[in-house]
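Visitor: Can you walk me through this model? Keep it quick.

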Amino acid sequence: MQNSFRLKSNDMFSRPEEENQEAPLRIVFLSVEGNKTECQYFDLIEKYRSDLKIKKGVHICPLKRAKDDNSSAPERVLELLDEYVELRDPQVLPQRLKDAVLQKYSYEFVKQYLNGELERDKDVEEFEFLLGEAGIDLAYNLFLRDYKGNDDVFGIVIDRDYKNHSVEQMKRIIDECKNKNYWCFISTPLFEFWLLLHLVDVKREYSNNLRDIMLNAKVSDKHTYTSKLVSEIAGHAKGISDAVFKKFYLNKVDYAISQANSNFATDLDDLIGSNKSDDSKCGKIGTNMPELFTLLREV
């Protein structure tokens with residue numbers, strides 16, 4: 001794990017309000033591979049929770065990282081979630097925070113600062129300056145540390161992307177998630193396939209093109225085969241605006257879930273494939289994203 005904090009917010013963030021001001025029933029914290037498409041999609045899922053029949057008191061929180069952080073390897077996605085989980089324990093200072101500040105400030109000083117026990121003075125101002133120099137987004141880290149529900153869930157969202165991720169690599173990631181009680185949500189060939197399931201009857205519309213979707217060749221500087229299909233229908237590239245989400249995705253989530261469950265692979269072993277043949281290394285087309293919505297709706 002690199003000695004630098006990655007949890008950063010480039011935008012304003014706020015804790016969702018609960019009517020009874022009690023802790024949420026559940027927050028699903030997600031570390032996602034894409035720094036734009038996936039984050040925007042899940043932010044909009046959170047925004048329209050009631051429309052999507054997500055249970056009251058249940059929230060989804062995609063973890064943010066800096067705009068220039070384009071680390072999308074599965075290991076780095078998992079690392080970001082580890083960083084967050086480590087941050088949740090108020091009795092333990094994250095190792096990277098220790099490395100950044102304990103040469104000058106005591107362990108007790110840092111703990112008192114994080115717990116809001118210090119008066120604002122020159123030492124506190126200098127400490128905050130040091131945090132900024134170390135690349136630590138203090139406000140966002142404190143928000144994440146204190147934002148907790150009663151039965152929280154932690155997961156990663158990654159692409160199969162057989163051209164860059166080997167079968168063995170994917171299996172290691174899944175095993176590590178199981179060992180840490182994390183959920184692992186995989187879409188084959190990539191997250192845009194999950195988006196495509198909102199837009200058309202994929203099995204019928206692309207019955208002659210399913211292998212093309214599976215191979216997902218790069219067709220331009222901006223698109224793979226599958227992401228281009230999404231772009232042609234929904235008219236967006238990486239970003240998903242509020243207007244686009246409401247028009248193309250909001251009322252089609254259950255349609256996507258139904259298609260995924262009925263027509264495509266949802267088992268992790270099937271999604272990552274095997275080394276038996278070149279095609280099997282790609283994994284079977286599909287996604288286990290429906291499991292995420294079960295976590296949001298059935299507490």
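This is a predicted model: local features need pLDDT of at least 70, side-chain atom pairs count only at pLDDT 80 or more; totals for chains, interfaces and linings use all residues.

Visitor: Is β1 mostly covered or uncovered?

Guide: Mostly covered: seven of the seven residues in β1 (26-32) are buried. Buried means under 20% relative accessible area, exposed over 50%, partly exposed in between (1.4 Å probe, protein chains only). Helices (H or I, at least four residues) and strands (E, at least two) are DSSP runs, numbered from the N terminus.

Visitor: Which residues of β1 point which way?

Guide: R26, V28, L30 and V32 point one way; I27, F29 and S31 point the other. In a regular strand, side chains alternate between the two faces of the sheet.

Visitor: Which strands does β1 join, parallel or antiparallel?

Guide: β1 runs parallel to β2 (58-62), with five bridges, and pairs in the parallel sense with β3 (153-159), also over five bridges. Pairing takes at least two DSSP bridges between two strands. L30 stands opposite P62 in β2, and V32 opposite V157 in β3.

Visitor: New topic. Where is the cis peptide bond?

Guide: From T188 to P189, with omega near 10°. P189 is in the loop between β4 (183-188) and α8 (191-199).

Visitor: What about K53: what is its phi?

Guide: Positive, about 60°, though K53 is not a glycine. Most residues other than glycine have a negative phi.

Visitor: Is K53 buried or exposed?

Guide: K53 counts as exposed because its relative accessibility is 63%.

Methods: Residues are numbered from 1 along each chain as its sequence is written. Side-chain values use heavy atoms; hydrogens and water are left out.
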